[in-house]
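Start with the view below.

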Amino acid sequence: MTTQEDLAQAVTLLEQGKLVAFPTETVYGLGADAENPQAVAAIYTAKGRPQNHPVIVHIAPEADINYWVQGCPAEAKILIQAFWPGPLTLILKRAAHIPDAVSGGQDTVGLRCPSHPVAQALLRAFKQGQGGLAAPSANKFGHVSPTTAAHVQEEFRDEALVAQIVDGGQSEVGIESTIVDLSRLATHGAVLLRPGHISQEQLEQVLGSKVAAPDVNAPRASGTLEAHYAPSTPVALVAVTELDLIIRQLVLAGKKVALMAYLPHQLAQVETLQAWRQLGQEPVSYAHDLYADLRELDHVMADIILVEALPESSAWQGVRDRLRRAAFDSQGVLQRMLGG
Ligand code: TXA
Ligand code: MG
């Protein structure tokens with residue numbers, strides 16, 4: 001766990017422009033001084049991420065949001081009041097002095113105040129609490145996000161670029177923050193760019209108005225690419241009614257099959273599985289274990305990870321979104337495996 005010395009060292013390294021991975025309640029972030037363009041550029045290099053993808057700036061609870069943005073609309077104040085500190089990122093118009101590097105050249109900035117005590121302690125100590133830490137999830141571009149310090153280590157094993165990994169235990173939420181775009185309110189209203197633990201319904205309830213789904217002109221968000229959050233093993237989403245049949249066909253075709261189940265099945269085929277996990281039956285507990293279990297199943301040398309399709313209700317929106325992207329080529333994967 002984190003000591004005062006760990007935190008002091010992290011602050012020193014960050015103020016020198018180095019990269020430090022740190023825990024948040026959603027996933028671990030790969031942090032750099034948001035006002036140091038070279039430090040931010042190092043994040044992109046370490047992750048192997050395209051330069052034009054913006055990163056989220058994390059700020060302390062006491063930070064002055066007006067330092068970062070050009071005008072803070074009432075909608076932002078309402079959402080901040082309701083959900084900060086917590087797993088909500090707001091996209092707002094960027095103040096002129098905030099470097100281009102954090103926003104991938106867009107005129108906005110993504111801001112989030114995390115609730116994780118270690119993240120808060122770090123942010124309070126960094127630049128006396130007035131700085132910002134640019135931090136994407138601490139994984140290689142397109143991979144599964146890390147929810148433990150060990151996951152971060154696994155991602156950046158031989159990476160001299162990551163100077164320190166601050167350990168804050170397992171992330172509570174387990175999937176990335178909900179992202180709401182408030183930078184185009186006059187023309188588009190509030191737009192949900194990425195679903196998460198804080199649901200569309202909760203946002204609408206607090207705002208008293210509809211939150212739209214992203215449109216073609218919505219600001220870029222890499223977590224919204226079709227293929228993302230993917231383990232190395234191919235993943236396919238399968239409806240519960242087809243699960244037994246597909247497992248049987250795959251095993252007959254000589255494939256090693258891993259399964260992420262949602263319901264506690266009496267699967268006829270369970271004996272033939274390479275490995276399986278049954279995740280929580282509530283979205284909150286499912287999200288908590290999702291990435292850790294995906295990583296574990298990625299290590300069992302299976303040919304394919306089958307994921308049981310989840311309920312269509314809005315409470316599952318965040319988890320469904322991640323799994324759809326992890327399994328972006330379900331049909332193709334199954335066809336290739338079954339030789340059809
Ligand atoms: O929970 C989280 O949000 C985690 C933790 C570390 O805070 N961070 C995270 O960062 O998921 P990342 O970079 O993996 O995903 C951030 C998403 C990206 O899809 C990025 O494109 C989008 O936020 N984003 C950041 N700033 C933006 C901006 N100014 N406009 C549009 N999208 C933005
Ligand atoms: Mg990410």
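Angles under 35 degrees count as roughly parallel, over 145 as roughly antiparallel, 65 to 115 as roughly perpendicular, and the rest as oblique. This is a predicted model, in which local features need pLDDT of at least 70, side-chain atom pairs count only at pLDDT 80 or more, and totals for chains, interfaces and linings use all residues. Residues are numbered from 1 along each chain as its sequence is written, chains are lettered from A and ligands numbered from 1 in the order in which they are written, and side-chain values use heavy atoms, leaving out hydrogens and water.

**H1 and H4**
- Helix H1 (residues 4-15) packs on helix H4 (residues 117-125) at about 55°, with the axes 10 Å apart.
- H1 and H4 are therefore oblique to each other.
- On the H1 side, Leu7, Ala10, Val11, Leu14 and Glu15 make the contact (heavy atoms within 4.5 Å).
- H4 contributes Val118, Ala121, Leu122 and Ala125.
- The residues of this contact divide into 8 nonpolar, no polar and 1 charged.

**H3 and H7**
- The axes of helix H3 (residues 74-83) and helix H7 (residues 200-207) come within 10 Å and cross at roughly 120°.
- That makes H3 oblique to H7.
- Glu75, Ile78, Leu79, Ala82 and Phe83 of H3 meet Gln202, Leu203, Val206 and Leu207 of H7.
- These contact residues divide into 7 nonpolar, 1 polar and 1 charged.

**Terms**
- Helices are DSSP runs (H or I, at least four residues), numbered from the N terminus.
- Axes are lines fitted to C-alpha atoms over the stretch in contact, and angles run from 0 to 180 degrees between N-to-C directions.
- Ala, Val, Leu, Ile, Met, Phe, Trp, Tyr, Cys and Pro count as nonpolar, Asp, Glu, Lys and Arg as charged, and the others, Gly among them, as polar.

Note on methods:
Helix = DSSP H or I, 4+ residues; strand = E, 2+ residues; numbered from the N terminus.
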